[in-house]
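I'll jot down what I look up as I go.

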Amino acid sequence: MSENWLNKVNWAQNGLVPVVAQEAGSGRVLTVAWMNREALSKTVQTGEVHYWSRSRKKLWHKGEESGHVQKVRSIRLDCDEDVILLEVEQAGGIACHTGRHSCFFQKLEGEKWVTTDPVIKDPREIYKKT
């Protein structure tokens, strides 16, 4: 498969592009992360989402530790070609490392951030180190 399609993406100087993962069906935004060329290419090849972890400086297969993989339904590129939108099926209903459905679980009410979504599963249970 040619990789010419990767050249259409307007990659930032650091070689990354922001990615919004949206849940198929509900349309809820689950997370915002980053991809480099390799992550986007692997995502297309495998049908499961791969991101670039800026903190760990490595490729990361979503769900590699937790089992909460994201299956790709569609991949879209915005009008400026500098943001990717993924429509995904979220395995286990948990996208956030805090054990919640979405990473966007805090809502500003007045001048206070309020947690609106419950923990579905304790992260200590999700990320057991063996």
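I'm working from a predicted model, where local features need pLDDT of at least 70, side-chain atom pairs count only at pLDDT 80 or more, and totals for chains, interfaces and linings use all residues. Residues are numbered from 1 along each chain as its sequence is written, and side-chain values use heavy atoms, with hydrogens and water left out.

How many salt bridges does the structure hold? I find five, a salt bridge being a side-chain nitrogen of Lys or Arg within 4 Å of a carboxyl oxygen of Asp or Glu.

I looked up aspartate 117 and arginine 28, whose side chains meet in one, 2.3 Å from N to O. Aspartate 117 sits in the loop between strand S8 (112-115) and helix H2 (123-126), and arginine 28 in the loop between S1 and strand S2 (29-35), 89 residues apart. Helices (H or I, at least four residues) and strands (E, at least two) are DSSP runs, numbered from the N terminus.

Next I checked glutamate 48, which pairs with lysine 71 in a salt bridge with the closest N and O atoms 2.8 Å apart. Glutamate 48 is in the loop between helix H1 (37-46) and strand S3 (50-53) and lysine 71 is in strand S5 (residues 70-77), so the bridge ties parts 23 residues apart in sequence.

Is glutamate 48 buried or exposed? I note it as buried, at 16% relative accessible area; buried means under 20%, exposed over 50%, partly exposed in between (1.4 Å probe, protein chains only). Lysine 71 counts as partly exposed at 39%.
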